[in-house]
Amino acid sequence: MSTLPAFPFTADHPLHLSPLLGEARAGRVPIRVQLGHGDPAWLVTSYDDARFVLSSPAFGRDPERAGIPAGRVAGVTPMDPASQTLLTVDPPDHTRLRRFVYRTFTPRRVEQLRAGTQRIADRLIDAMIEAGPPADLVQGFGLDLPIEVICDLLGVPATDRARFVAWLDALLSTSGLTMEEMQTSITEMNAYLADLAARRVHEPTGDLTGALVRERIEGDRLTDDEVNNLLRALLSAGHETTASQIPNFVFLLLRSGDYARLVADPGLVPTAVEELLRYVPLITQGSMTRFVLEEVEVGGVLLRRGEQVLVELAAANRDTETFPDGETLDIGRRNNPHIAFGHGLHRCVGAALARMELQVALSTLTTRLPGLRLTDPPDQVPWDTERFVRRAKKLLVTW
């Protein structure tokens, strides 16, 4: 019996991709791999195949719809329907849940948040400058900016925000905590969010928590559990992506010399953000598993009902058939249809918010700290290897 290659593949740097992904993509067909929990899966690496899988109704997130009894898939824990979120459900529940949240994160609504986000960024930079160099860009800026923005949106008091950072760190840990410690964090955060939502029943507010509670009360369109799980998902997704990518982006810009290019040409920031989103891998464990719901052909390979599929977004975003010289970071790249936020039904609902925050972060840093540079050589930057997302433990900078 042949042995399948183990996935995820390892790379020589946390922000690099394994050459094995490039080799797999060059074949233009899905390949069979073995996941860390023991199940086999099809790995999709080309851009066109990735978009097809992410948008086709032949694939879903619910294994039972693929004919797999609950508990039979090694990496899937049977879930109470009340605990399901946007990431884990298929239509029609996904459609119902998503519409309550999406109108808060439309590009037009997000743009109205830019001025407030800019004030937060300026205040954080003011504190860095007052304290003087060196400064840790992870703790002093990258973590604080997105947690303040998302907590403002949800109506979480400023005094409670540090607790959320600790809870979210626990949720995204891969080996740094015991299962008991992780469950304690989840229980504490769920209890806090349930209390926050309960208070909105008697004290209505204009924040997103208040809006979701109104949807529950008016017409019984959401359950209590759905409100709480949407809040947890929004906190996690609305914080971690941006919190990790701000220092990741700055690290690469400083290492490559492109930071100085943005200082000289501030108008290039939006284009640079899109290119960095395309180029910088975020997830360490591959994407969430999808299940084949009906027999379908992908890249000339027949996938059968019940099989598992992983879409490797980072590899697809470097497909040279879509992105010329795709293995090279080019912050001036204009034609950039990347799928860093996913594609199709499960495309990240907070994409516009993350994009705006990243633009504000890079614009503020390059404008306020044009002489920013790494305190230590790039190869001495410590990286956190016990998380589902790629992020430096510390990014010490001076100016």
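Visitor: What is the relative accessible area of Cys-348?

Guide: Buried means under 20% relative accessible area, exposed over 50%, and partly exposed in between (1.4 Å probe, protein chains only). Cys-348 has 25%, so it is partly exposed. This is a predicted model, where local features need pLDDT of at least 70, side-chain atom pairs count only at pLDDT 80 or more, and totals for chains, interfaces and linings use all residues. Residues are numbered from 1 along each chain as its sequence is written, and side-chain values use heavy atoms, with hydrogens and water left out.

Visitor: How many disulfides does the structure hold?

Guide: A disulfide is a pair of cysteine sulfur atoms within 2.5 Å. The structure holds 0 of them. For Cys-151, the nearest cysteine sulfur belongs to Cys-348, 17 Å away. Cys-348 is likewise in no disulfide. Cys-151 has 0% relative accessibility, so it counts as buried.

Visitor: In what order do the strands of the open sheet stand?

Guide: Strands (E, at least two residues) and helices (H or I, at least four) are DSSP runs, numbered from the N terminus. Two strands pair if DSSP finds at least two bridges between them. Here 5 strands form an open sheet with mixed pairing, in the order β1-β2-β8-β5-β3. The edges are β1 (31–34) and β3 (59–60); each has a single partner strand, so one side of each lacks a neighbour in the sheet. Between β1 and β2 (residues 40–44) there are 4 bridges, in the antiparallel sense. Arg-32, for one, has Trp-42 in β2 as its bridge partner.

Visitor: Which helix packs on the sheet?

Guide: Contact means heavy atoms within 4.5 Å. Helix α2 (residues 47–55) packs on the sheet and touches β2, β3, β5 (290–292) and β8 (308–311). For directions, axes are lines fitted to C-alpha atoms, for helices over the stretch in contact, and angles run from 0 to 180 degrees between N-to-C directions. The direction of α2 makes about 125 degrees with that of β8.

Visitor: How far does helix α5 reach from its first C-alpha to its last?

Guide: The expected span of a helix is 1.5 Å times one less than its number of residues. With 18 residues, α5 (114–131) reaches 26 Å, close to the 26 Å expected.

Visitor: Why do the buried residues of α5 line one face of the helix?

Guide: The buried residues are Thr-117, Ile-120, Ala-121, Leu-124, Ile-125 and Met-128. They line one face because, seen down the axis of α5, they fall within an arc of 130 degrees; the arc is that of the directions from the helix axis to the C-beta atoms. Their packing partners are β4 (135–136), α6 (137–142), α7 (144–154) and α15. On the other side of α5, Arg-119 and Glu-130 are exposed.

Visitor: Which residues is Thr-364 in contact with, leaving aside its neighbours within four places in sequence?

Guide: They are Gln-118, Ala-121, Asp-122, Ile-125 and Leu-369. Thr-364 belongs to α15 (residues 351–368) and, at 3% relative accessibility, counts as buried.

Visitor: Which peptide bond is cis, with omega near -5 degrees?

Guide: Most residues other than glycine have a negative phi, and most peptide bonds are trans. The bond from Pro-133 to Pro-134 is the cis one in question, and Pro-134 lies in the loop between α5 and β4. The bond from Phe-7 to Pro-8 is cis too, with omega near 10 degrees. As for phi, Arg-28 is not a glycine but has a positive value of about 65 degrees. Arg-28 sits in the loop between α1 and β1.
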